[in-house]
Amino acid sequence: MSRASSAKAQTQPAERGERARALSRTAQGRSRAQVSPEARAQFTLSRSFVFEAAHTLNRRDIDPPSMDASRRIHGHSYRATVEVTGSPIGESGMVLDLAQFDVALSRVSERLDHRLLDDVAGLGPATLENLCAFIWRALAPHLVGLSRVTVSRDARGDACSLSMRGA
């Protein structure tokens, strides 16, 4: 084999590899331009609010009843974290305008903050589970993509989350 043909044989595989990589980059560029990752993405926004509230809890499983402090009126500091999941909408690229998120949360917060939870219509016994469900029901009509509600009592390390499948 001559030197020229030997050199040509050695460069051809290298050239083919480089050409394939260049075509691959071009194809990737086209596919990215056609369908951006953001168009398929599901973003989750979360917002929290804190409320202070009192309640009683008539628990029948504590014996003797005099040992159950939860029967007496007492209060907690609660943190509610609400999550909304969805794809970006329109040119803004937002899942939800945070101002709308704030308005919806403030409506619920006003119904719970500095209240005797025993008197809040539609709540039931003031358990973490019932608080999650109450907040969900109050927000669902106003927040498209509502995906999770978590209520925590940070001082005690307690938390409960509610998420609905297909919501």
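1. S109 is buried in this predicted model, because its relative accessibility is 14% and the cut-off for burial is under 20%. The residue belongs to helix α3, which spans residues 98-112. Apart from neighbours within four places in sequence, S109 is in contact with F49 and V50.

2. Helix α3 itself lies across β1, β2 and β3. Its direction is at about 20 degrees to that of β1.

3. The sheet is open and has 5 strands, in the order β3-β1-β2-β4-β5, with mixed pairing. β3 and β5 (158-162) stand at the edges with a single partner strand each, so one side of each lacks a neighbour in the sheet.

4. Within the sheet, β1 (residues 43-55) and β2 (residues 74-86) are antiparallel and share 13 bridges. One of the residue pairs is S48 with T81, the latter being the bridge partner in β2.

5. Helix α4 lies across β1, β2, β4 (146-153) and β5. The helix runs at about 140 degrees to β4.

6. A126 sits in the loop between β3 (115-116) and α4 (128-139).

7. A126 and N58 are 68 residues apart along the chain, and their C-alpha atoms are separated by 9.9 Å.

Definitions and conventions
Residues numbered from 1 in each chain as written. Predicted model: local features only at pLDDT ≥ 70, side-chain atom pairs only at ≥ 80, totals over all residues. Heavy atoms only, no water. Helix = DSSP H or I, 4+ residues; strand = E, 2+ residues; numbered from the N terminus. Buried < 20%, exposed > 50% of the residue type's maximum accessible area, 1.4 Å probe, protein only. Contact = heavy atoms within 4.5 Å. Pairing = 2+ DSSP bridges. Axes fitted to C-alpha atoms, helices over the stretch in contact; angles between N-to-C directions.
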